[in-house]
Amino acid sequence: MRVQSAPGGIHRLSHDRLRSEPVHVQHFGGQAGAPLDPGVPPTSGYQQYGARLEGGSTNPYAPFRSETDWKLAEWAKMQSPTSNAFSDLLAIKNVVELLGLSYKNVNELNCIIDTKLPRRRPAFERLEAEVMGEKFEMFVRPILECLAAIYSDPEHAQYLCFAPERHYADANRTIRLYHDVHTGKWWWSTQARLESEKPGATVVPIIISSDKTQVTLFRNKTAYPVYMTIGNLPKSVRSKPKRQGQILLAYLPTSHLDHITNKAARRRVVNNLFHTCMRSILDPLRTAGVDGIIMSSGDGISRRCHPILMAYVGDYPEQCLVTCTYNGDCPICLCPHADLGVYPTQHPYRDFDATLDAIRTVSEDPERFASACKDANIKPVQRPFWEDLPYVDIFKCITADALHQLYQGVFKHLVAWLKSACGTAELDARVARLPPNHAIRSFYKGISHLSRVTGAEHRQISRFLLGVIMDIPDLPGGRESGAQLVRATRALLDFIFMAQYPVHSSETLIALESALASFHAEREIFLYGTTDNYNTETSERLHIDFTKEAYRATNHKDEYPQMTKWLERREKIMHHANFILWREQQVAVGPRPLVAHHGIRWLPPDLAVPLDIKMTRHPSRKSVPLVDITGTSPTQYGARFFIPALARFVVLWHHPQYTARQVEYYAEDFLTPFDRLPVFHRIKFWNEAIYGKETIDSIHVHPRSNDTEGDTIVPARFDTALVRVHAPAAAAHEPLPSARTWTRTRDLNTRVAQVRLVFTLPDTALDILFLGLPPERRPPRHLAYVEWFSKFTAPDRHSGLYKVARTLQGGERVASIVPVSLIERSVHLIPKWPGHVPRHWTSENVLEECGGFYVNCFKDAHTHFNVY
């Protein structure tokens with residue numbers, strides 16, 4: 001494959017550096033992150049927890065009587081049946097007695113959890129504030145106790161990082177690599193300041209996020225949660241609520257203060273109320289950040305920890321509220337609203353020291369305070385919560401988020417511009433006719449009718465948008481306008497996808513800037529301004545676990561005490577489940593393991609990670625007649641040349657040295673020793689070590705299913721895939737690869753193919769077809785019949801997408817049988833539109849009707865990273 005550059009225009013060698021381990025790692029050195037007593041051996045925090053359990057020395061499920069007693073309690077709290085439903089279940093005659101339960105209703109179960117399970121996370125406290133005659137309540141946890149709960153969790157001990165590092169992709173240390181917090185510049189510079197004052201410090205980067213969220217659909221009831229996590233944990237642990245790397249810190253007051261009739265006064269009071277509440281929550285960080293506090297991690301090792309606010313994550317209104325900046329202005333630099341669309345910006349970052357000087361005039365004349373804040377271009381907030389926090393520049397704490405800043409911000413406007421430029425009717429027609437794929441959501445009615453589009457939906461649209469705007473007919477300005485439209489969209493999509501790389505280098509950051517510059521160079525085709533809405537995807541997920549589910553568990557009256565109690569019980573159950581697993585691991589893997597999930601080690605997400613194939617144990621259809629396999633009706637598989645392809649496969653497997661002409665000659669004498677085959681309808685791809693049991697990709701292979709009246713229930717689907725071209729002959733002598741390497745496409749001899757059939761040969765057929773071959777030299781169990789597309793050539797010069805078409809020989813499609821293990825993963829093909837979309841095309845038949853296709857490199861992050 002002839003490719004000049006990787007995504008974003010970066011040189012492919014620079015891009016490939018992201019695939020490898022750092023060539024050089026520079027540790028901060030000195031006493032940074034050092035234990036207070038290096039001679040103390042590691043001990044699991046579960047030992048202290050178990051010592052606090054009554055009866056825990058003899059009963060592994062204490063305080064519950066038995067495994068059944070515990071498992072039912074865990075189910076009741078983690079699956080969230082209603083309290084009445086669970087009590088009614090226990091009230092059934094003899095249920096409690098037959099199961100040997102220690103509780104007869106939900107109240108007794110709650111009593112056991114509240115009084116007999118040790119508390120690992122602090123309880124919520126109710127605080128009350130009075131604002132101009134109206135009282136408001138806030139539920140909050142002590143932040144240092146919350147910090148200790150995350151830091152000392154035994155399950156986090158193997159992941160914690162205690163000192164900063166600099167990672168380099170080259171031995172000369174000229175190309176930096178950035179991924180988790182400890183590889184960034186902030187921790188290194190903060191550590192240097194602390195070491196000059198108090199050597200031996202362990203920095204604990206505090207990450208706060210807040211966002212008001214709606215908990216009901218019709219009554220407009222909201223909650224205002226504040227979450228906290230620490231940068232010592234890897235981002236992939238922090239982002240998963242079940243790993244308990246995040247903690248709900250507080251519920252802030254949600255009132256709009258409607259009793260204050262003056263709008264300007266109301267806005268000022270809202271701002272001051274927020275900062276007063278946050279100041280109350282974060283105030284302990286003032287002294288702890290400077291002097292440090294002694295904390296023990298989950299392995300029992302103590303360090304002097306300095307918790308310092310590193311980042312505050314929120315959407316744009318939240319960022320303005322936190323930084324005391326005006327809506328419409330940039331919260332991190334002095335760019336005015338009118339210049340937000342200018343690239344590159346010439347405006348400097350906000351001066352934090354000047355902002356502090358303005359804020360501290362509050363004790364002087366009110367008019368001078370208001371004037372000083374106006375000069376600093378900030379709101380006149382009296383005591384911002386960050387005013388006295390050590391080592392904090394609040395403007396540098398503001399971070400961007402892909403979900404809302406990119407997808408709900410810039411990309412949302414890109415979609416609107418493209419609708420205007422291309423026409424909604426043509427766009428909808430093309431979207432509705434895209435072939436299906438595991439990573440592509442089907443919008444059968446197009447996208448123009450969507451209302452209140454979510455960030456997740458915009459993410460899905462971004463995966464096919466480039467392909468549906470190519471070759472748009474009737475554009476003003478003709479072909480050149482269409483090319484400019486495609487180039488601008490490609491540049492912006494490259495920027496969006498590259499911005500979400502889990503690892504960046506100093507080179508890819510330059511390429512990221514270059515992609516943005518390319519978009520601005522072509523953007524005159526749109527004539528638009530910029531937007532500035534963003535939020536955090538992690539916070540959105542936390543809302544479900546910590547707020548919305550908690551609200552559903554209440555009776556919707558005076559809900560916050562119920563929500564906090566529900567959350568505390570749930571956290572106790574989750575920790576106790578890990579403790580029980582830890583006790584069981586002592587028997588399974590030896591005495592005193594440090595963690596419950598023994599042998600499971602977190603690995604950093606890698607866009608080049610190999611994926612393993614997962615097939616079902618039993619076929620989808622146990623016996624499919626050959627007539628249905630080779631038949632071409634929509635309810636059949638359409639593998640027209642299955643028998644000749646199988647004959648060539650068998651001959652080549654026996655005689656790898658044969659030429660193509662010899663293979664064809666001997667295949668003519670092939671006799672089929674079966675008339676039916678077991679067939680599989682899906683190939684799954686996963687990597688359990690990194691992603692667990694989540695299906696990362698899949699390939700569907702099945703004909704249409706009709707009901708008794710002939711109406712379509714499930715349309716036919718024969719997905720396309722990236723297949724490694726590997727001679728079957730080699731497989732007879734060498735083991736076939738069991739996992740896909742998923743490296744650069746051009747470095748593999750790969751081609752696109754449509755999978756028409758996945759099957760296994762019956763044992764009786766294997767004995768006949770491969771007579772004399774020992775079992776280890778026979779073909780693998782799962783085979784696939786595929787129809788080939790053309791080899792990759794140079795990509796389209798405007799879109800950067802590769803063109804492919806059906807490979808024909810004598811006017812017929814070229815097909816082969818290959819081991820399923822040679823399939824890398826699915827590939828999404830976008831039709832090469834012939835102007836206006838033919839009306840008879842559908843998503844079901846477009847792969848059959850269209851003559852040419854583009855390989856969609858934006859199908860998902862893995863494809864964008866690897867297919868270039």
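This is a predicted model: local features need pLDDT of at least 70, side-chain atom pairs count only at pLDDT 80 or more; totals for chains, interfaces and linings use all residues.

Me: OK, cores. Which residues have the most contacts inside the largest nonpolar one?

Reply: Ile208, Met228, Met278, Phe385 and Trp386, in a core of 73 residues. Helix α10, residues 263-282, gives the most to this core, with eight residues. Apart from it there's another core of 69 residues, including Leu18, Val415, Leu466 and Tyr854.

Me: What does Phe385 touch, if I skip its neighbours within four places in sequence?

Reply: Phe385 is in contact with Phe274, His275, Met278, Arg279, Leu282, Leu309, Tyr312, Val322 and Ile394. As background, nonpolar side chains in soluble globular proteins tend to be buried together.

Me: Switching to rings. How many aromatic pairs does the count come to?

Reply: It comes to 30 aromatic pairs. Take Phe497 and Phe858: their ring centres are 5.1 Å apart with the planes at 65°, and edge-to-face needs over 60, so that's what this pair is.

Me: Where do those two, Phe497 and Phe858, sit in the chain?

Reply: Phe497 is in helix α20 (residues 478-499), while Phe858 is in the loop between β31 (852-855) and α31 (861-866). They're 361 residues apart, so the pair links distant parts of the chain. Phe497 and Phe858 are both buried.

Me: What about Phe642 and Tyr785, how are their rings arranged?

Reply: Tilted, because the planes are at 50°, with the centres 6.2 Å apart. Phe642 belongs to helix α25 (residues 642-654) and Tyr785 to strand β24 (residues 783-788), so the pair ties together parts 143 residues apart in sequence. Phe642 and Tyr785 are buried too.

Me: Which residues of α25 are buried?

Reply: Phe642, Ala645, Leu646, Ala647, Phe649, Val650, Val651 and Trp653. α25 has 13 residues and reaches 18 Å from its first C-alpha to its last, close to the 18 Å expected.

Me: Which residues form an aromatic cluster?

Reply: Phe64, Trp70, Trp75, Phe86 and Tyr103 form one.

Me: And where do the charged ends of Arg303 and Arg756 sit?

Reply: The one of Arg303 is over the ring of Phe162, 3.5 Å from its centre. For Arg756 the ring is that of Phe718, with 4.2 Å to its centre.

Me: Last one: is Asp170 buried or exposed?

Reply: Buried, because its relative accessibility is 12% and the cut-off is under 20%. Asp170 is in the loop between β4 (165-168) and β5 (176-178). Leaving out neighbours within four places in sequence, Asp170 contacts Val23, His24 and Ile175.

Terms used. Residues are numbered from 1 along each chain as its sequence is written. Side-chain values use heavy atoms; hydrogens and water are left out. A nonpolar core is a set of buried Ala, Val, Leu, Ile, Met, Phe, Trp, Tyr and Cys residues joined through side-chain atoms within 4.5 Å. Buried means under 20% relative accessible area, exposed over 50%, partly exposed in between (1.4 Å probe, protein chains only). Helices (H or I, at least four residues) and strands (E, at least two) are DSSP runs, numbered from the N terminus. Contact means heavy atoms within 4.5 Å. Rings of Phe, Tyr and Trp (its six-membered ring) pair if their centres lie within 6.5 Å; planes under 30 degrees apart count as stacked, over 60 as edge-to-face and the rest as tilted. A charge sits over a ring if NZ of Lys or CZ of Arg is within 6 Å of the ring centre and within 35 degrees of the ring normal. The expected span of a helix is 1.5 Å times one less than its number of residues.
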